[in-house]
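Hi everyone, thanks for coming.

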Protein chains: 2
Amino acid sequence: MKAEILSVGTELLLGDILNTNAQYISRELANFGINVYYQTVVGDNPERLKNAYNFALNRADIVITTGGLGPTKDDLTKEIAAEYFNKKLVLDNKSLQEIITFFKKINREISENNKKQAYFPEGSIIIENNNGTAPGCIIEENNKIAILLPGPPKEMIPMLNETVIPYLKKFHEGTLVSKVLRITGIGESSVDNLIGHIIDNQTNPTVAPYAKDNEVILRLTAKTNNEEEAYRIIEPVERQIRNKLGDINVYGVENQTIEGVVAKLLIENKLTISTAESCTGGLLAGQLINYPGISSAFLEGAVTYSNKAKINRLKVKEDTLIKFGAVSSECAAEMAEGIAKESGTNIGVSTTGIAGPDGGTDEKPVGLVYVGIYINGIVKTKKLNLVGNRQKIRDRAVAYTLDWIRRELIKYLKEGNN
Amino acid sequence: MKAEILSVGTELLLGDILNTNAQYISRELANFGINVYYQTVVGDNPERLKNAYNFALNRADIVITTGGLGPTKDDLTKEIAAEYFNKKLVLDNKSLQEIITFFKKINREISENNKKQAYFPEGSIIIENNNGTAPGCIIEENNKIAILLPGPPKEMIPMLNETVIPYLKKFHEGTLVSKVLRITGIGESSVDNLIGHIIDNQTNPTVAPYAKDNEVILRLTAKTNNEEEAYRIIEPVERQIRNKLGDINVYGVENQTIEGVVAKLLIENKLTISTAESCTGGLLAGQLINYPGISSAFLEGAVTYSNKAKINRLKVKEDTLIKFGAVSSECAAEMAEGIAKESGTNIGVSTTGIAGPDGGTDEKPVGLVYVGIYINGIVKTKKLNLVGNRQKIRDRAVAYTLDWIRRELIKYLKEGNN
């Protein structure tokens with residue numbers, strides 16, 4: 001079944017509000033196995049709304065509209081749906097009573113306009129609205145389904161979940177199961193090179209890639225008779241993908257985050273960590289402690305922006321700063337070891353670099369970042385050359401460092417400090 | 001001129017991501033006096049994309065696409081635009097060089113695929129992308145304008161602002177000048193209560209409010225014959241708004257950020273600052289040092305997540321932690337004073353709270369945050385009750401604290417420590 005979402009409201013076209021409804025409905029329908037082929041936004045203009053409505057209903061089996069059910073003259077979705085299906089608008093007494101009750105409850109006078117909200121195309125299934133005055137409706141005719149929902153997400157979402165999704169179940173065959181793989185360390189085009197043939201040739205499960213900041217996401221979606229079977233057909237494709245990409249590059253699945261993966265490795269292995277940040281200025285610690293249970297593993301962070309702080313807090317040698325500078329492999333190493341020893345943690349991690357826009361030289365350009373990791377006695381450093389503006393360089397340094405901690409931890413846990 | 005936005009990407013139709021691009025572009029065009037009549041989202045399906053593209057270009061004068069400029073076979077926007085305008089795709093050497101440089105800089109192998117990103121419909125105006133490998137382009141033909149931009153907002157937004165908007169200016173009559181006022185400390189509905197009548201009745205300049213995370217933005221847009229005249233008619237309306245809202249609540253104008261305003265206050269008055277963070281875990285320092293010149297004012301930050309770190313690093317008294325707990329006004333005060341004295345700065349700022357989801361009690365619920373500020377000998381604290389998930393609570397605590405630093409600094413600079 002092909003679905004289309006038509007969002008009605010001039011405020012969307014002016015960019016005054018974000019179209020969260022389209023995302024929400026799309027996700028719910030996708031989980032449910034219904035393909036959304038288009039999302040359209042149109043203003044409260046009768047002619048353009050009518051055109052968009054006709055167009056959508058001609059190409060899709062199901063059209064879900066949001067908006068245009070309010071009490072004003074601008075609110076026209078029901079009128080236009082009635083016209084499309086050649087139906088009269090008739091009063092629904094139950095809805096009228098509910099609207100009257102609603103107004104009593106919020107201590108406001110009901111206006112004549114609001115009564116318009118109790119009229120629906122004849123023969124509609126009414127969708128109750130427990131959070132506002134605009135009930136929705138479903139019109140089913142000639143193999144087309146029109147579902148009319150109000151615009152405010154607080155009203156729309158419960159109506160979708162409580163009435164529309166259960167209603168749509170009757171049209172649904174089979175089960176749709178998705179599994180998400182999360183990839184770091186290799187870019188979108190490399191992923192495409194390595195597994196493009198799988199993406200192209202897989203039909204069940206399908207494999208859909210998309211790139212987010214600092215990661216690539218693969219969604220494997222199987223359509224089967226039951227969940228168990230879905231996972232059974234996903235498994236070999238997932239294995240093949242992991243082999244091609246390198247298992248270490250798949251850092252997590254589903255909604256896992258890189259900081260969550262690192263945090264779990266630390267907590268499960270009773271390892272403690274501390275951070276010493278220069279160019280990332282606290283963002284590394286800030287992301288690590290996104291993970292709610294982190295407090296048993298993360299003991300302390302230092303943002304040592306000045307050289308003095310590096311010397312006092314982390315015992316970086318003045319000599320090192322003079323000889324190699326603050327942005328150097330040597331300094332990163334001393335920072336990582338210093339914070340670990342100062343805080344008494346197993347692991348210390350450091351960042352030092354030039355985030356720009358100023359401060360770069362030919363020898364040490366903007367984007368040059370050294371990161372250090374100390375794990376129970378052994379220090380390693382890495383040199384990164386990052387691109388982007390100040391914000392991006394810092395974000396990428398944090399993403400790289402978190403992933404590097406993960407890789408080094410896995411190595412350490414497998415091999416020890418050899 | 002009628003414009004239409006066509007967002008390309010299956011991830012949008014699956015509801016994996018929110019279409020923030022459509023909102024952003026719509027708002028920019030609206031500010032500019034160009035009407036957006038439709039926003040459409042279509043997946044990476046060649047046939048449907050082609051249909052949507054043709055349809056959009058037939059009914060609109062300007063079609064702006066986002067997405068589909070990536071290196072994979074799924075990325076088809078340029079191909080479809082070339083077909084629509086009956087043009088060949090030709091190599092742009094400058095773009096190719098930039099892509100090669102980009103890959104060298106990030107130390108990755110360039111794949112054959114990436115070279116596809118340097119091909120454009122013949123005769124296009126190329127739009128440089130300084131934040132990624134996908135340049136955009138503009139095709140102008142037969143009174144139609146097609147503007148192709150990449151999907152990632154961090155790449156799309158600068159390209160829109162730096163190239164597309166200046167390009168569109170030539171189609172625009174008169175001068176449109178906007179001034180942005182940035183407001184913190186009062187919410188969207190309070191702003192509406194205080195200046196709703198101005199927003200409703202102002203026609204030139206128009207006043208358009210919108211709410212962002214932790215701030216409300218007002219855009220005053222004047223349409224006149226020249227820039228000077230525009231600022232002259234904006235000025236009295238701005239003054240009226242500032243009076244109504246309270247001048248201190250307007251923290252900045254145009255693209256100023258709260259951390260930038262704080263940083264400038266510090267640097268201009270030769271004041272130094274350090275931070276001691278518990279629940280915000282480094283995010284406060286991380287945001288402060290967004291400001292490029294901050295290194296002369298921000299000397300050091302401590303992320304003292306454990307009680308031990310609070311005692312060792314900040315000299316918080318063990319007694320205080322036992323009597324009042326780490327989440328207390330007393331602890332916040334000692335943290336702020338402690339970090340200032342330990343780092344030898346004029347100002348010390350602290351945060352300590354319960355970001356959740358666990359750890360809340362009846363007495364100290366999730367969202368309870370104490371912040372402290374020490375300025376040259378005087379300590380103050382504030383108790384905040386914040387709502388939202390862990391991430392939101394921490395973001396709001398950082399936003400509140402930065403604004404509070406601003407307000408306290410202004411007071412201190414005016415009155416001293418009286």
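So, how many salt bridges are there between chain A and chain B? The count is seven. Keep in mind as I go that this is a predicted model.

Let me show you one of those. The side chain of B:Lys73 reaches the side chain of A:Asp200 in a salt bridge, at 2.8 Å from N to O. As a reminder, side chains of opposite charge can pair when their charged atoms come close.

On the side of chain A that touches chain B, E2(A) contributes the largest share, seven residues. If you sort that side of chain A by class, you get 31 nonpolar, 28 polar and 17 charged residues.

And the interface overall? Chain A brings 76 residues to the contact, and chain B brings 70. About 6200 Å² is buried between the two chains, with carbon and sulfur atoms giving 51% of that area.

Now zoom out for a second. Over all chains, the salt bridge count comes to 43. Here's one inside chain A: A:Arg239 and A:Glu235 join through their side chains, again at 2.8 Å, N to O. Why are those two separated by about one helical turn? Because they are four residues apart in helix H9 of chain A, which covers residues 227-245.

Which cavities do we get? Searching the whole structure turns up two of 30 Å³ or more.

The largest cavity has a volume of about 140 Å³. Its lining is made of 18 residues, and nearest the centre you find A:Asn19, A:Gln39, B:Asn19, B:Ala22 and B:Gln39. Look at where the lining comes from: helix H2 (20-31) and strand E2 (35-42) of chain A, plus H2 and E2 of chain B, each supply at least two residues. By class, that's ten nonpolar and eight polar residues, with no charged ones.

The second largest cavity holds about 100 Å³ of space. There are 14 lining residues here, and A:Phe55, A:Arg59, B:Thr40, B:Phe55 and B:Arg59 are the ones nearest its centre. Two or more residues each come from helix H3 (46-59) of chain A and, on the chain B side, from strand E1 (2-8), E2 and helix H3 (46-59). This lining does include charge: four charged residues, alongside eight nonpolar and two polar.

Which element gives the most? That's E11(B), with four residues.

Key
Residues are numbered from 1 along each chain as its sequence is written. Chains are lettered from A and ligands numbered from 1 in the order in which they are written. This is a predicted model: local features need pLDDT of at least 70, side-chain atom pairs count only at pLDDT 80 or more; totals for chains, interfaces and linings use all residues. Side-chain values use heavy atoms; hydrogens and water are left out. On a 1 Å grid over the protein atoms alone, a cavity is a set of points where a 1.4 Å probe fits but cannot get out, and a pocket is an open set with protein on both sides within 12 Å along at least five of seven lines; lining residues have an atom within 4 Å of a point. Grid points are joined across faces, edges and corners, and a volume is the space filled by probe spheres set on the points. Ala, Val, Leu, Ile, Met, Phe, Trp, Tyr, Cys and Pro count as nonpolar, Asp, Glu, Lys and Arg as charged, and the others, Gly among them, as polar. Contact means heavy atoms within 4.5 Å. Buried area is the accessible area (1.4 Å probe) that two parts lose on being put together, summed over both. A salt bridge is a side-chain nitrogen of Lys or Arg within 4 Å of a carboxyl oxygen of Asp or Glu.
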